[in-house]
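Please read the following account with the sequence and the coordinates open. It goes from a single residue to the chains and then to the places where parts meet.

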Amino acid sequence: MSTADHNTKRGRDLLAMMERIRAFEEQACLAAERDKLVLGAIHPSIGQEGVAAGVMCNFNRDDILLSTHRGHGHTLAKGADPLAMMRELLGREGGCCGGKGGSMHIADFGVGMLGANGVVGANITIAAGAAHGLKLQGSDRVVVDIFGDGAINRGPFLEGVNWASVFDLPILFVCEDNQYSATTKTSSVTGGPGAAARAESLGLRATTVDGNDAEAVADITAEITARIRAGGGPEMLHAITYRRTGHTSFDPAGYRPNGESEHEAKTNDPIARQRAVLAGMGLSTDELDAIHAAAQSEMVQVLADAAATPFPADEMALQDVQDIGSPAQEAY
Amino acid sequence: MVKMTFVEASREALREMMQADETVWCVGEDLGRGSVFGQYLGLQDEFGPDRVADTPISEAAIMGAAFGAAMVGTRPVVEMRFSDFALCATDELVNQIAKARFMFGGQSRAPMVIRKPIGLWRSSAAQHSQSLESWYVHIPGLVVLCPATPQDNYSMMKAAIRCDDPVVYLEHKNIWGMEGEVDTSLEIELGKAAVRRQGADVTLVSWSDTANLCVQAAKTLAAQGVDAEVIDLRSLWPWDKEAVVSSVRKTGRLVVAHESVAVGGFGAEVVATVVEQAGDALRGPVRRLGAPRSLVAYAPNLEDKMRVTEQMIVTAAKETMGK
């Protein structure tokens, strides 16, 4: 394959993944708001798909991913089955976690996805430990840990990133900076210059990238992961993006300046930007629209199939707690 | 049989498990120097700094990283130095480790032993003296162990490392030097109590160092004509309801004693279970002994106000008999 063909293929793959993530989350929001099928909170990453697609295309199926409560995109891009994910959002049998975790606790160990997390920043120490375990076992697999800008103000950021530095672990920390910590502008509650500088202060190489430029994210992540795989130790990628929705799908985000989100959607949408890149490579509007339509029809079907799946059996409430002293054996 | 101290017993068990299984490793502060009480003395020399890892003073990272490493196939033994410091890693233990298997629909296991030295240890004051075992029993997903003798610390440490569940392993700081004969071939099933003394008149239920106090109290009671049975639970989750209930059915009388605060303590669980399952067999008032709901002070006379004493156990046992 020529370099140009290779670039076109990767560009198409990036667009296709972003379209799938967008379509999945649009369907998830419809399931929540229109259909009342998603009862718990979901945290969409609409507008942030460039980070998920650009980062994750550099990792293999047996590499390890840990993610956040806003992790549908990362998980899909790691290769998880969208139907199992949608069933999980709907709390159904056959969900990735059997309907016991929901959106915030999606995990798919079969594709190396060791869990989204409902506690901001909590995945950082766990991810460092996964890398520690791989290193102890002499594995050549690596870990990517994605967290938000809010997480850098929690203690586990300091402890986990320092840990990775001290033990020289094969891990990429990605701060997916969508500029909001729940409903508060992160810059208003963050001292100093932020994520990259904090990582550098702990001895990591840190790189900042426009997270809505999927091509740039993919390029820089390829360089970083090559260094990590070669034994270069942990690094930090600070990917700046923008959260177009509220904190949850139910949050109207009235705390934001008027027009901010609409302006971002018009001028800085990662999917629109990637379409422009591919148009520049010679793809036609019809070809680009076909990628969009394929993602839409896939995820409409995914929601329909998930909604037709039964809830888990009642006895699952007492299953998979622990081996000894499990509630299935004990009176209490 | 080999004579060992309490601290030597779990150290020897750990060493043997590390020799037998290369996925077992230890992680915590100052382990290369043996940790605070010598629990790891010599292990770094034998197994190297990767398998006996010295860490930053980062309890959340020690706990969280060990969990991550457990999920990718290793079996970490985690050292928290003092159970009080483990509170810095509460999210990691309670929200992450204990819940992962369930939340992820059975995809994960966290085979970890989390060591947290507990208990009163002369003039260590409020942040180095706690016994919080009842907290952990309240968290589904955790196994909670409280060995009280060298034999139990040896055999239960081995069983804990073999266990695929996360195990909170609570060793009492006051008995590191306690000597005893250890049968290294003895296996203990987690969740089974030890009957430390058989008796017909009253059942004394306890665990950790207070179980040793109950054994002493039983001797004193015997000299006064009271034949006490001493049940050392050893494991608080799961716990041996059957042993306690059948003993109370025999004696008709119950005293529960523990060092931790009485209010909301595990003694309440024991008493409630006995009342539910053997209430008809009770022939006297039940007594529950624990610390007042206050803090552990530095001054020795104030610290002593938190202690359950042998005399208190003797008095309580006699009260259940109307003496």
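**From one proline to the interface**

Setting aside neighbours within four places in sequence, A:Pro82 is in contact with A:Phe24, A:Leu76, A:Met299 and A:Val302. The model in which these contacts are found is a predicted one. A:Pro82 belongs to helix H4 of chain A, which covers residues 82–89. With 24 other C-beta atoms within 10 Å, A:Pro82 is buried, because the cut-off for that class is 20 or more. One of its contacts, A:Val302, is 220 residues away along the chain, yet the two C-alpha atoms are separated by 6.9 Å.

That pair can be set beside the contacts of chain A as a whole. Among contacts between residues at least 6 apart in sequence, 75% join residues at least 24 apart. Chain A contains eleven helices and seven strands. Its radius of gyration is 20 Å, close to the 20 Å that the globule rule gives for 332 residues, so chain A is as compact as a globular protein of that length. Along the principal axes, the C-alpha atoms of chain A fill a box of roughly 65 × 50 × 45 Å. Of the 332 residues in chain A, 55% are buried.

A:Ala130 is found in helix H5 of chain A, residues 123–136. It is buried, with 33 other C-beta atoms within 10 Å. Which residues does A:Ala130 touch, not counting residues up to four places away in sequence? In chain A they are A:Ile64, A:Leu66, A:Leu114 and A:Val143, and in chain B they are B:Gly68, B:Ala69, B:Met71 and B:Val72. A:Asp145 is 15 residues from A:Ala130 in sequence, and their C-alpha atoms are 10.0 Å apart.

B:Gly68, B:Ala69 and B:Met71, from that list of contacts, fall within helix H3 of chain B, which runs over residues 59–71. This helix has 13 residues and reaches 18 Å from its first C-alpha to its last, close to the 18 Å expected at 1.5 Å a residue. Is H3(B) enclosed or exposed? Since 13 of its 13 residues are buried, H3(B) is largely enclosed by the rest of the structure. After the helix comes B:Gly73, whose phi is positive, near 110°.

The contact between the chains takes 39 residues from chain B and 39 residues from chain A. On the side of chain B that touches chain A, the elements that give two or more residues are H3 and helix H4 (90–103) of chain B. H3(B) gives the most to that side, with nine residues. By class, the side of chain B that touches chain A has 20 nonpolar, 13 polar and six charged residues. For the complex, the predictor gives an ipTM of 0.96 and a pTM of 0.97. The mean pLDDT of chain B is 98, and 100% of its residues reach 70 or more.

Some backbone details of chain B remain, and they are in loops. B:Asp30 has a phi near 60°, a positive value in a residue other than glycine. The loop that holds B:Asp30 lies between strand E2 (24–28) and helix H2 (43–47) of chain B. B:Asp30 is partly exposed, with 14 other C-beta atoms within 10 Å. B:Ser123, which is not a glycine, also has a positive phi, of about 55°. B:Ser123 lies in the loop between strand E5 (113–115) and H5 of chain B. B:Ser123 is partly exposed, with 14 other C-beta atoms within 10 Å. Further along, a cis peptide bond joins B:Trp237 and B:Pro238, with omega about -5°. B:Pro238 lies in the loop between strand E12 (235–237) and helix H8 (241–251) of chain B.

Terms used. Residues are numbered from 1 along each chain as its sequence is written. Chains are lettered from A and ligands numbered from 1 in the order in which they are written. This is a predicted model: local features need pLDDT of at least 70, side-chain atom pairs count only at pLDDT 80 or more; totals for chains, interfaces and linings use all residues. Helices (H or I, at least four residues) and strands (E, at least two) are DSSP runs, numbered from the N terminus. The expected span of a helix is 1.5 Å times one less than its number of residues. A residue is buried if 20 or more other C-beta atoms lie within 10 Å of its own, exposed if 12 or fewer, and partly exposed in between; C-beta atoms are placed from the backbone. The radius of gyration is taken over C-alpha atoms; the globule rule is 2.2 Å times the number of residues to the power 0.38. Two residues are in contact if their C-beta atoms, placed from the backbone, lie within 7 Å. Ala, Val, Leu, Ile, Met, Phe, Trp, Tyr, Cys and Pro count as nonpolar, Asp, Glu, Lys and Arg as charged, and the others, Gly among them, as polar. pLDDT is the predictor's confidence in each residue, from 0 to 100.
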